[in-house]
Amino acid sequence: TPVAAIKLYGEMLDAGWVDSEERRLEYYRRIVRETSRLETLVERVLEKGQLTRREVRPEPGDVNSIIEGLAPSLLSLAPEGVADLRFELAEDLPLANLVHEGIRSIVTNLVENARKYAPVASGGEPILVRTQQDGATILLEVLDRGPGIPPSERGRIFEAFYRMGDERTRTARGTGLGLHLVALHVDAMGGTIEVRGRPGGGTWFRIALRPAPND
C-alpha cells in the first residue's frame, strides 16, 4: 500500500541505510510517487462518502460540452508518441439530467481504467469515448480493444475495492475504487450502467442517462 511504501523508504533514509546518492534520489522519487497514490485514494474515499450520503443533485446539462472541456486534459496524459484516445460526440444531443463533476469523474475513470488494462500500442486502435441518443435516452460510452472482462467478473467490477486477478501477480496499480465511483455517480444521476464484450474484442461500457426534465 502507499502508506507502507512511504514508511519503508522514509525509515531507510532516516536510518542512513542508503549510501548512494543515486539510490537516495530514487527513494525520494518513490516517496513522492506513493504520496500521489495516497492522495488519489483519499480523494476517492471522500468522493465515495459524498455520493453514498446523496450530497449531489442532478440538473440539466450538456454531456458533450463537459467532455469537450475535459478532452485536452485526457489527451495530455496519453503515453508519449501514442494517439490512444478518440472522441465521437453526437450532434444535437439533448440536455441530460446530470451532475457536472459526475460526468467528468465517469469519463476520467473509464479512460484511466482502459489505459491501465487495455493500453494502446503505437498505431493501434484508440480508446473511444462516444455519445449517442437512443430515443429520449442519452448514451455515454467508452470502448477499448483490450483483453475484455470475463462475463463472470462483470457483476463484481463495480464493487468497492474489487480488482480482477491475483493480488500476488498483478502488475497494474490501482485502488479498486475507480469503477465503483463510476457506478455511484451514474446511480446519483438516476442513470444505468452496463458492461459488455465489444464485437471484435475489447470492453464496452455504456451509461444511459435520463433526459433533462421539461420545465
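Glycine 191 is where I would like to start, and this residue lies in the loop between α5 and β6, where helices (H or I, at least four residues) and strands (E, at least two) are DSSP runs numbered from the N terminus. With a relative accessibility of 15%, glycine 191 counts as buried, a word that here means under 20% relative accessible area, with exposed meaning over 50% and partly exposed in between (1.4 Å probe, protein chains only). Leaving aside residues up to four places away in sequence, glycine 191 touches Val186 and Ala208, where contact means heavy atoms within 4.5 Å. The C-alpha atoms of glycine 191 and leucine 139 are separated by 9.7 Å, although the two residues are 52 apart along the chain.

Before I go on, a word about the model. What you see is a predicted model, in which local features need pLDDT of at least 70 and side-chain atom pairs count only at pLDDT 80 or more, while totals for chains, interfaces and linings use all residues. Residues are numbered from 1 along each chain as its sequence is written, and side-chain values use heavy atoms, with hydrogens and water left out.

Now to the chain as a whole. The secondary structure comes to five helices and seven strands, and along the sequence these follow the pattern α-α-β-α-β-β-α-β-β-α-β-β. Of the 215 residues of the chain, 41% count as buried. Among contacts between residues at least 6 apart in sequence, 69% join residues at least 24 apart.

Between β2 and β4 the pairing is parallel, over five bridges, and leucine 85 has isoleucine 127 in β4 as its bridge partner. Strand β4 (residues 127–134) pairs with β5 in the antiparallel sense over seven bridges, and here valine 129 has valine 142 in β5 as its bridge partner. β4 and β5 form a hairpin with two residues between them, and in the turn glycine 135 has a positive phi of about 65°.

Let me return to helix α5, which is mostly covered, with nine of its eleven residues buried. Among these buried residues are Leu179, Leu181, Leu184 and Val186. Just after α5, glycine 190 takes a positive phi of about 75°.

Asparagine 113, to which I turn next, lies in helix α4 (residues 100–117) and is buried, with a relative accessible area of 17%. Not counting residues up to four places away in sequence, asparagine 113 touches Ala118, Leu179 and Phe205.

The same helix α4 also packs with another helix. The axes of helix α3 (residues 63–76) and α4 come within 10 Å and cross at roughly 35°, where axes are lines fitted to C-alpha atoms, for helices over the stretch in contact, and angles run from 0 to 180 degrees between N-to-C directions. The residues that make this contact include Ile66, Leu70 and Leu74 of α3 and Ile103, Val107 and Val111 of α4.

Finally, the aromatic rings. Rings of Phe, Tyr and Trp (its six-membered ring) pair if their centres lie within 6.5 Å, and planes under 30 degrees apart count as stacked, over 60 as edge-to-face and the rest as tilted. How many aromatic pairs does this rule give? The count comes to two aromatic pairs. In one of them, tyrosine 9 and tyrosine 27 have ring centres 5.0 Å apart and planes at 45°, so the pair is tilted. Because tyrosine 9 lies in helix α1 (residues 2–14) and tyrosine 27 in helix α2 (residues 21–52), the pair ties together parts that are 18 residues apart in sequence. Tyrosine 9 and tyrosine 27 are buried.

For phenylalanine 158 and phenylalanine 205, the ring centres are 6.3 Å apart and the planes are at 80°, so this pair is edge-to-face. Phenylalanine 158 sits in the loop between β5 (137–143) and α5 (178–188) and phenylalanine 205 in strand β7 (residues 203–209), so that the pair links distant parts of the chain, 47 residues apart. Both phenylalanine 158 and phenylalanine 205 are buried.

Notes
Pairing = 2+ DSSP bridges.
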